[in-house]
Amino acid sequence: MKKLIVGLLMTVMIGSLAACGGKNQTGAGTDTSAVSEAAKEADAESKTSETETTYEPGTWDGVTYANTSLGMYFTLPDGWQIGTQEQIDAVESAGQQVTGNTENTGDTSNYEFYIFNPNTGSTIAMMTEDLSMFGDVTAQEYANTLAEQLMSYTDQGITYSFNGITDSVIGTSPFVSFAGMAEYQGSYIYQYYAITENGGRMITVIATGPAEAGQAECEAVLASIQPLQ
């Protein structure tokens, strides 16, 4: 789970993200083939039982993302861009420098999509993780563990304040979610996490943004996600 946690800690690197994401980009036309291919490869490698529904990764059609397994779709908001695999790698590397987690042994997580607003620093990502090696883990248990691990980064100067874990719905799928603020070097960053299980995978949606403005922006994007029947 280390790679996943490091990925989530991109929230403390918003400045770096805006710097590398705001240059030489073409907005909605950004090439997402690397991210899409990585998601497809990860899904192909995952083996589920014959009686279990296989999770199917979502796809981009221009600026619209749709995921039949989760029953959801949304259109990329104005001013937002679709992250490339190179940008995802840069964010993850920055997070590793902050947390000190540099090994990905046993990691099975994968970014399915990553979108961001280069003008504000707000980001929304969805990650999937094959949990077959961990046995039966519920979304609630995963959320509890995730919150505990995030809280453990006080030694790195990152202080989290979260509300309680609650039930929510994204698209047509039930999620467990929690939100709050992270403080790092005097800056406050809004964070929202939503977790669900589907077809042998744990799916985590992460939204981050600078304090109150980022919270309002991310909440508006999440509210735009529609059920896919």
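**Stop 1: the four-stranded sheet**

Select β1, β2, β3 and β12. They make an open sheet in the order β1-β2-β3-β12, with antiparallel pairing. β1 (59-61) and β12 (226-227) stand at the edges with a single partner strand each, so one side of each has no neighbour in the sheet. Strands here are DSSP runs of E, at least two residues long, and helices are runs of H or I of at least four, all numbered from the N terminus. Two strands count as paired if DSSP finds at least two bridges between them.

This is a predicted model: local features need pLDDT of at least 70, side-chain atom pairs count only at pLDDT 80 or more, and totals for chains, interfaces and linings use all residues. Residues are numbered from 1 along each chain as its sequence is written, and side-chain values use heavy atoms, with hydrogens and water left out.

Now zoom in on β2 (residues 64-67) and β3. Four bridges join these antiparallel strands. Pick T64 and find T75 of β3 opposite.

**Stop 2: two hairpins in a row**

Select residues 173-184, strand β9, together with β10 (residues 187-198). β9 and β10 run antiparallel and are joined by nine bridges. The hairpin has two residues between the strands, and Q185 takes a positive phi near 50°.

Follow β10 onward to β11 (residues 201-210). Ten bridges join β10 to β11, again in antiparallel fashion. T196 stands opposite I203 of β11. This hairpin, too, has two residues between its strands. In its turn, G199 has a positive phi of about 55°.

Colour β10 by accessibility. How many of its twelve residues are buried? Nine are, which leaves the strand mostly covered. Buried means under 20% relative accessible area, exposed means over 50%, and partly exposed lies in between (1.4 Å probe, protein chains only).

**Stop 3: helix α6**

Select residues 211-223. Helix α6 has 13 residues and reaches 18 Å from its first C-alpha to its last, close to the 18 Å expected at 1.5 Å a residue. The expected span is 1.5 Å times one less than the number of residues.

Show side chains for A211, G214, E217, C218, V221 and L222, the buried residues of α6. Look down the axis: these residues fall within an arc of 135°, so they line one face of the helix. The arc is that of the directions from the helix axis to the C-beta atoms. Turn to the other side to find E212, A213 and A223 exposed.

What covers the buried face?

At 19% relative accessibility, A211 counts as buried.

**Stop 4: the largest cavity**

The structure holds two cavities of 30 Å³ or more. On a 1 Å grid over the protein atoms alone, a cavity is a set of points where a 1.4 Å probe fits but cannot get out; a pocket is an open set with protein on both sides within 12 Å along at least five of seven lines; lining residues have an atom within 4 Å of a point. Grid points are joined across faces, edges and corners, and a volume is the space filled by probe spheres set on the points.

Select M72, F74, F113, I115, I124, V205, V221, L222 and I225, which line the largest cavity. Its volume is about 50 Å³. β3 (72-75), β5 and α6 each supply at least two lining residues.

**Stop 5: the second largest pocket**

This pocket has a volume of about 200 Å³. Its lining includes S168, V169, I170, Y190, Y192, E219 and L222. β8 (166-170), β10, α6 and β12 each supply at least two lining residues. Which element gives the most? β8 does, with three residues.

**Stop 6**

Select α5 (139-151), then T154 in the loop between α5 and β7 (158-162). The end C-alpha atoms of α5 are 18 Å apart, which agrees with the 18 Å span for its 13 residues. Its buried residues are A139, Y142, A143, L146, A147 and L150. Seen down the axis, they fall within an arc of 135°, so they line one face of α5.

Finish by drawing a distance from T154 to Y184: their C-alpha atoms are separated by 9.6 Å, though the residues are 30 apart along the chain.
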